[in-house]
Amino acid sequence: MSKVIQFKIDGQNVEAQKGETILQVARKNDIYIPTMCYIEKTSACASCRMCVVEAEGVDGFVLSCNTPPTEGIEITTNNAELELERTNIMKLYDVNHPLECGVCDKSGECDLQNKTLEFNVGQQNFSAKDQPRKIEHWGLINYDPSLCIMCEKCTHVCNEVIGDDAIDVKFGGYGSTIIPKNAETLDCTFCGECIAVCPVGALVSSNFQYSANAWELSRVPSTCAHCSAGCSLEYETRHHGINTESTIHRVKNNFEFTSLCGAGRFGFDFQNESVSDASAFQKAVSAIEKADAIRFSSIITNEEAMILQRLKEKLGLKLLNEDARKFQEFMNAYSSVSGKRHHSGSLDAIKQADGIIVVGSRIATDNPGVRYAMTTAARHNGAKIVYAHPIEDALMQNTITQFMKYEAGSEEGVLALLANTLLEGSDIDEATRAFLKDLDLGYLEAESNVGADELSNITKTFARTAKRVLVIGSDVFAHERARNIAKLAATIEKYTDFSLVIVPQEVNTLGVSLICDLDIDENISNVVGYNAEGEFIISALENADLHVGALNQQEGTVVSIDNRVLPLNVAVEFKGTNLNELANALGLEKENTIDYTEELPTQAGFSAVAFDDLENFLDKYGNDVRGYLLDEVATSAEGTLEEVADLAEYNGTVIYHSNPVLQFNSFTNNAKQLERDTSLRGSAQFSAAAKIADGDEVEISFGKSTIKRVFKLDPELKGTVALHPTFDINVAANEYKFLKSKIVRTI
């Protein structure tokens with residue numbers, strides 16, 4: 001049980017939990033202590049000294065950011081001596097700081113500017129010899145060392161939250177600077193979080209620099225539309241003239257408590273700029289009336305999914321979405337054992353964990369939000385992280401404690417071995433006990449390549465952990481044994497203290513799976529595509545027969561990995577039509593798309609709440625009050641574990657559908673700032689097995705598809721599985737992500 005410490009701040013009685021600092025307690029009690037280098041989500045940088053306070057009985061000043069209180073101590077946060085100390089600190093910060101406020105991108109929201117005014121620094125008593133400082137251009141990020149105040153926020157967040165550990169401090173007194181770590185230039189995932197936390201204009205977006213002042217921009221709170229993490233963000237927009245439309249200039253986040261990946265921060269310009277077309281609208285209405293099915297993507301809102309479901313009920317159409325259908329089947333199997341509709345874990349549970357197991361995902365690029373949560377757990381809680389996957393990931397090397405390499409296709413065997421290990425000593429039912437007793441452990445270990453020593457190491461390591469999370473990724477949703485894999489994950493959650501996080505593939509895979517009655521996509525003809533393939537295509541992408549708005553042009557909601565219903569807002573106006581107008585022409589009657597928000601199915605956990613009643617902010621303590629959490633829904637728990645099938649073998653040249661950093665889908669592919677690496681990347685071993693060399697153009701045949709790529713030798717990869725991107729092509733979501741392939745060098 002945690003000890004509560006009673007003490008006083010400025011005469012006010014306050015309480016601290018074990019591990020809390022004076023500054024944290026002060027903030028909880030709305031007591032102001034100025035800071036320059038402090039960030040809530042990292043350990044204390046302790047470089048600015050602005051947060052100094054006086055503690056009764058202690059000589060000198062105390063840093064409140066990294067000092068825990070003691071029982072009964074009395075803290076003073078403001079008096080003449082502290083005011084003088086902080087004023088002198090500000091004067092030192094302002095020594096030779098370039099007076100570029102008129103052109104600096106940070107002007108109007110600069111901590112140095114604000115604190116200089118706050119402490120009334122109107123003249124300079126100190127001086128130092130100025131030094132030439134070269135401006136660095138690091139791709140999406142520019143760094144001006146002459147503006148840098150060496151607060152070290154950027155290095156802390158890069159290491160402790162993102163996990164790139166790509167920048168460092170080069171100490172040299174007044175000549176200290178920020179440098180790429182162990183590299184000539186910046187080598188990172190370009191999340192831009194260093195830009196977000198920089199209190200001055202030292203680290204800036206190269207695309208945004210000199211394009212607008214902070215006070216000229218309007219902020220539109222919304223949710224990132226690129227993956228299922230549901231990250232909070234703000235689009236910052238600006239009109240370019242009296243008769244012009246606003247455009248998105250940049251994306252920001254509440255960096256004290258949240259983070260964004262590079263796709264969320266820099267991949268904001270995926271809007272559809274087409275206009276209304278009455279002829280195309282009528283053709284779309286006719287196409288839907290005559291269609292046998294609508295095939296659609298999960299990159300849509302809940303409200304759009306609800307409209308499609310109503311059209312199915314009214315017109316007798318089939319609804320085709322293999323991504324959501326496969327996830328739906330997986331969750332139905334999960335529910336048959338767990339007795340509930342939704343998984344128990346969340347990103348916050350991962351952040352607080354001290355033991356994490358990840359199976360079935362190249363998580364750093366599949367879902368950066370999960371990666372950042374894992375990094376936070378590792379750095380702040382010393383979390384033990386087991387990363388199980390057929391392919392090692394260099395981005396996770398600084399975070400994980402055990403890499404467990406299993407053979408492609410053997411996930412069912414891996415989950416069975418984990419269940420056998422983690423359920424040891426648990427009070428399980430007789431059917432589960434019989435299942436575990438009948439497991440052929442020798443066969444499973446041999447065929448999956450997961451050894452008894454690795455499992456034993458998990459037992460020893462996790463014996464010392466208290467908050468445990470199992471993360472199941474999207475690799476397994478289309479596995480031929482997906483249902484039993486889901487049941488195994490549910491069994492572990494049910495009989496252990498592991499919470500379970502299941503990671504959907506797309507931004508609203510989860511929402512669509514809860515709303516729509518989906519049919520098996522058997523490649524029938526006479527299909528209308530909605531952000532998907534069809535004989536007639538309605539889409540926010542350029543190949544559309546009728547254009548609709550993208551997710552940064554819509555009001556609506558999505559469901560995140562946390563089972564939270566989150567609102568989207570319009571950042572850029574779309575001058576064309578929308579799905580609701582089409583639905584009204586086909587016999588449905590709603591004035592606005594968001595009129596469907598309060599009609600989302602309560603039997604699936606949604607609440608009857610109108611869109612305009614949804615909150616969309618984080619409070620001052622970092623609590624997420626956006627939207628609402630899905631209600632838990634009880635289900636029948638009559639499912640039983642099936643005997644593990646023979647594990648599949650994937651020999652020869654195998655490709656794995658995995659996108660590069662910053663790319664997720666066709667919409668990120670449209671974003672101008674994001675790099676597009678469409679190469680097939682493999683190891684030297686893969687190169688030898690496929691008889692191809694670095695730089696060769698190759699033809700890859702897999703499933704029913706054939707595509708040409710350039711092969712790129714990747715020294716960080718091992719084995720005979722190559723990484724194949726999908727953000728620029730259509731890939732069947734009902735296919736397992738590891739595929740046997742035929743690769744031929746083209747001449």
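Modeller: Happy to! This is a predicted model, and a search of the whole structure turns up zero disulfides.

Colleague: Where is the nearest cysteine sulfur to C51, then?

Modeller: That would be the sulfur of C65, 3.7 Å away. A disulfide needs the two sulfur atoms within 2.5 Å, so C51 is in no disulfide.

Colleague: Is C51 buried or exposed?

Modeller: C51 counts as buried because its relative accessibility is 2%.

Colleague: Switching topic: how many helices and strands does the chain have?

Modeller: There are 21 helices and 33 strands in the protein chain. One of the strands is β31, residues 721-724.

Colleague: Which residues of β31 are on each side?

Modeller: V721 and L723 sit on one side, A722 and H724 on the other, and all of them are buried, so both faces are covered.

Colleague: What about its pairing with β27: parallel or antiparallel?

Modeller: Parallel: four bridges join β27, residues 654-657, to β31. Within that pairing, H657 stands opposite H724.

Colleague: Zooming out, what is the radius of gyration?

Modeller: The protein chain has 27 Å, which agrees with the value near 27 Å for a compact globule of 747 residues. The C-alpha trace spans about 80 × 70 × 60 Å along its principal axes.

Colleague: How much of the chain is buried?

Modeller: Buried residues make up 59% of the 747.

Notes:
Residues numbered from 1 in each chain as written. Predicted model: local features only at pLDDT ≥ 70, side-chain atom pairs only at ≥ 80, totals over all residues. Heavy atoms only, no water. Buried < 20%, exposed > 50% of the residue type's maximum accessible area, 1.4 Å probe, protein only. Helix = DSSP H or I, 4+ residues; strand = E, 2+ residues; numbered from the N terminus. Pairing = 2+ DSSP bridges. Rg over C-alpha atoms; globule rule 2.2 N^0.38 Å.
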